[in-house]
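Student: I'm new to this one. Can you walk me through what holds it together?
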Amino acid sequence: MKPRDVWISLTTAVVLGLTSMATQARDLKVNCDIGQSVQDAINRARSSAAPLVVNVKGDCYENVILSRDALTIDGGGETVIHGTLINRGVRVTISNIGITRPGFGMRATTGRTRLINVHFFDNAEEGLIVRRNGMVLFRGGSVKNNDLEGIAVESGTLEVGDVEISGNDFGIDASMARIRLEDTQIINNVRRGISVADNSALQVADIVVRENGGAGVIVDNGSSFVAERVDISWNGSSAVAVRFNSNASIADSTISNNGQGGGFGTGVFVSTSSTATIDSSEIFGNLAGVNANRQSFINVEGTTVVRDNFGDGMTLVHDSGAIVDNPVIIPPNGSGYAVYCNDTESSFENRSAGVGLTNCKGFDLP
């Protein structure tokens, strides 16, 4: 099954599940503007096992602990919770609501959380935290201007579609996580756009990672990155950095104009026993195009074009290697080289007539 088909299936299942729950559920109404409380409504209904829908409106100044299963909180698009939501291991749906200050917005731990058109904004700490095997499906909404990470994931699973993540310190910061993003924008975050580490898996399609202060995407410590149809551009440092025994597969993507903030500014930087495959993508306008460092390896294939970068098109350093297949095009870039080997231990195999000047030796040469 293709990634998009999997996403559609998951979304359909969520919608059907919500519809089924709503038809059987008990409904309560809460108006925070007249002093009513979301937590009180949940506590009063705790003894019932039937699904519960709490329809909320107004500005709610309270922290809410979600300890009741089969719970839906619907803000109707006119509700803001000025406080924190905590899921302590149950199945909940939060929809059409804003969550703001004074601490973190929401923490989802061990349970299953669906977020539909939820907006995390101006929280003093993280917007959303997923941890301890919690699972979050986040469809529609935004995560904006939170003082720490927009979304922090630790040993959890996160699926995001049609969400804007902007103006935070980090956009997404994760370890030991499984993350899938589609139709999502990670833009204008103070430092990194996305950072995953410690055996995390990041899969993205049709997303934009732009104008973040540091790197666009960092993949560290045995993690993996699979990207289709992404635009990673105008970030302050490198667009994609794959490091410390990690791997990446990038296809049908645009990686351009990174390094504007004075960082390394490489389109794709692969380091320390890591690997990357770049297929049918454009890499241009970066401080450097592609760099393999410290016994790393890159395979470039399909209709990929690496052009008009300020340094080399591709640089191989410290016993690294690359294979370029036909019909890849790498003309001489700003340095005058298409591919440059910075030491005699690095090697390059060229299988394309579209590659310009190189000083590298082949793998079978001493």
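Student: Let's start with sulfur. Which residue does a disulfide join to Cys 341?
Tutor: Cys 360. The S to S distance is 2.1 Å. Keep in mind that this is a predicted model.

Student: Where do Cys 341 and Cys 360 sit in the chain?
Tutor: Cys 341 is in strand E35, residues 339-341. Cys 360 is in the segment after strand E37 (354-355). The pair links distant parts of the chain, 19 residues apart.

Student: Is Cys 341 buried or exposed?
Tutor: Buried, at 7% relative accessibility. Cys 360 is buried too, with a relative accessible area of 16%.

Student: Which hand does the disulfide of Cys 341 and Cys 360 have?
Tutor: It is right-handed, because the torsion about the S-S bond is about 110 degrees.

Student: How many disulfides does a search of the whole structure find?
Tutor: Two. Cys 32 and Cys 60 form a disulfide as well, with sulfur atoms 1.9 Å apart. The torsion about that S-S bond is about 90 degrees, so this disulfide is right-handed.

Student: And which parts of the chain does the pair of Cys 32 and Cys 60 link?
Tutor: Cys 32 lies in the loop between strand E1 (26-31) and helix H2 (38-44). Cys 60 belongs to strand E2, residues 52-60. They are 28 residues apart. Both Cys 32 and Cys 60 are buried.

Student: What pattern do the disulfides follow?
Tutor: It is 1-2, 3-4, counting bonded cysteines along the chain.

Student: New topic: charges. How many salt bridges does the search find?
Tutor: The whole structure has 13. One of them is between the side chains of Asp 147 and Arg 101, at 3.7 Å from N to O.

Student: Why does the pair of Asp 147 and Arg 101 tie together parts that are apart in sequence?
Tutor: Because each sits in its own loop. Asp 147 is in the loop between strand E11 (135-144) and strand E12 (151-154). Arg 101 is in the loop between strand E7 (91-100) and strand E8 (106-109). So the pair ties together parts 46 residues apart in sequence. Asp 147 counts as partly exposed at 41% relative accessibility, and Arg 101 counts as partly exposed at 38%.

Student: What about Asp 220? Which residue does it form a salt bridge with?
Tutor: Arg 243, with the closest N and O atoms 2.7 Å apart. Asp 220 lies in the loop between strand E20 (217-219) and strand E21 (224-228), and Arg 243 lies in strand E23 (residues 240-243), so the pair ties together parts 23 residues apart in sequence. Asp 220 counts as buried at 9% relative accessibility. Arg 243 is partly exposed at 21%.

Student: Stay with Arg 243. What does it stand opposite in E26?
Tutor: Ser 271. Four bridges join E23 to E26, and these strands run parallel. On to another partner of E26: five bridges join E26 to strand E29 (residues 288-293), again running parallel. There, Thr 266 stands opposite Ala 288.

Student: Why is E26 largely enclosed by the rest of the structure?
Tutor: Because six of the six residues of strand E26 (residues 266-271) are buried.

Student: Back to salt bridges. How far apart are the closest N and O atoms of Asp 325 and Arg 351?
Tutor: They are 3.1 Å apart. Asp 325 is in strand E33 (residues 321-325) and Arg 351 in strand E36 (residues 347-351), 26 residues apart. Asp 325 is buried, at 17%. Arg 351 counts as partly exposed, at 44%.

Student: Which residues do shared partners join into one network?
Tutor: Asp 206, Glu 228 and Arg 229, through salt bridges.

Student: Last stop, rings. How many aromatic pairs are there?
Tutor: Four. Among them is a tilted pair, Phe 297 and Phe 363, at 6.1 Å centre to centre with 35 degrees between the planes. Phe 297 lies in strand E30 (residues 297-301) and Phe 363 in the segment after E37, so the pair ties together parts 66 residues apart in sequence.

Student: What kind of aromatic pair do Tyr 337 and Tyr 340 form?
Tutor: Edge-to-face: 4.8 Å centre to centre, 70 degrees between the planes.

Student: And what lies over the face of Phe 284?
Tutor: Arg 307, at 4.3 Å from the ring centre.

Technical notes:
Residues are numbered from 1 along each chain as its sequence is written. This is a predicted model: local features need pLDDT of at least 70, side-chain atom pairs count only at pLDDT 80 or more; totals for chains, interfaces and linings use all residues. Side-chain values use heavy atoms; hydrogens and water are left out. A salt bridge is a side-chain nitrogen of Lys or Arg within 4 Å of a carboxyl oxygen of Asp or Glu. Helices (H or I, at least four residues) and strands (E, at least two) are DSSP runs, numbered from the N terminus. Buried means under 20% relative accessible area, exposed over 50%, partly exposed in between (1.4 Å probe, protein chains only). Two strands pair if DSSP finds at least two bridges between them. A disulfide is a pair of cysteine sulfur atoms within 2.5 Å. Rings of Phe, Tyr and Trp (its six-membered ring) pair if their centres lie within 6.5 Å; planes under 30 degrees apart count as stacked, over 60 as edge-to-face and the rest as tilted. A charge sits over a ring if NZ of Lys or CZ of Arg is within 6 Å of the ring centre and within 35 degrees of the ring normal.
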